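Student: I am new to this structure and would like to get to know it. Could we go through it together?

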Amino acid sequence: MLLISAVGTLLVTACRVPIETRPPIANPTVVGEGLVRGTGADGPAFLRFEWFYGDRRGDVRGDGAARFNPTDSLRLDLFTSGEVAMAVALAGSRLSSIGEIEDVTLPSGPLLFAMAGLFRPEAGAELEAYEVGLDTVLVYAAGPDRKLYFFVRGGRLERVEERHRSRLRYKVELTWAAHRRDWPESAEYRDFGERSRVRWTIREIRVLEKRYPRDIFALSHSG
């Protein structure tokens, strides 16, 4: 029992060691650029998915459709009872939306991209990179008190954490099917301040030959 307790204490202590104290990786910008090129489909795609949102008030769920143009244009249309509840589009750093789901706060652009398995950090953020066990962790300082931690394994995003003053505020976790590298099987986003979560599970993927028109990724109400 003493041995088990000691091992458990060591594991917990190890998990609490700050990422920034781990061995740094040289040329983190090169690592980040490689990950941008290596995540996401090579061509345009259409996806169908199921989604779920839950908070202290209750749950809502439905289905949805996603459209993607490489390298950084993504649109999500969310349906409830057959009607469009919300559409969200990302084109580079521009996030826009139409419709609404009452009191639902959208994740930031990098976290929305991450839910689709895409590594698309904010432009201009300071970058560091570290080796943590089997993971490469890319750390972006998006402000004096805000950092994003991208956990990468085998060239794929596994988890993203956004920390404010070192406290975990948002998290994305991804599940991958063994036979796919371009799109995750499912992803979950958690907001620890609002105690809410969003989950989506991809049910269908269609690879397309022609790119979507650019205007579908610019919705009327900017976020």
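Predicted model: local features only at pLDDT ≥ 70, side-chain atom pairs only at ≥ 80, totals over all residues.

Student: What share of the contacts with a separation of 6 or more comes from residues 24 or more positions apart?
Tutor: Residues are numbered from 1 along each chain as its sequence is written, and side-chain values use heavy atoms, without hydrogens and water. A contact means heavy atoms within 4.5 Å. Among contacts in the chain with a separation of 6 or more, the share from residues 24 or more positions apart is 47%.

Student: How many helices and strands does the chain have?
Tutor: Both are DSSP runs, numbered from the N terminus: helices are H or I with at least four residues, strands E with at least two. The chain comes to 3 helices and 13 strands.

Student: Is Ser73 buried or exposed?
Tutor: Ser73 lies in strand β3, residues 73–80. Away from its neighbours within four places in sequence, Ser73 touches Arg67, Phe68, Leu90, Ala91 and Phe217. Buried means under 20% relative accessible area, exposed over 50%, and partly exposed in between (1.4 Å probe, protein chains only). Ser73 has 12% relative accessibility, so the class is buried.

Student: How much of the chain counts as buried?
Tutor: The same cut-off of under 20% applies here. Of the 223 residues of the chain, the buried share is 44%.
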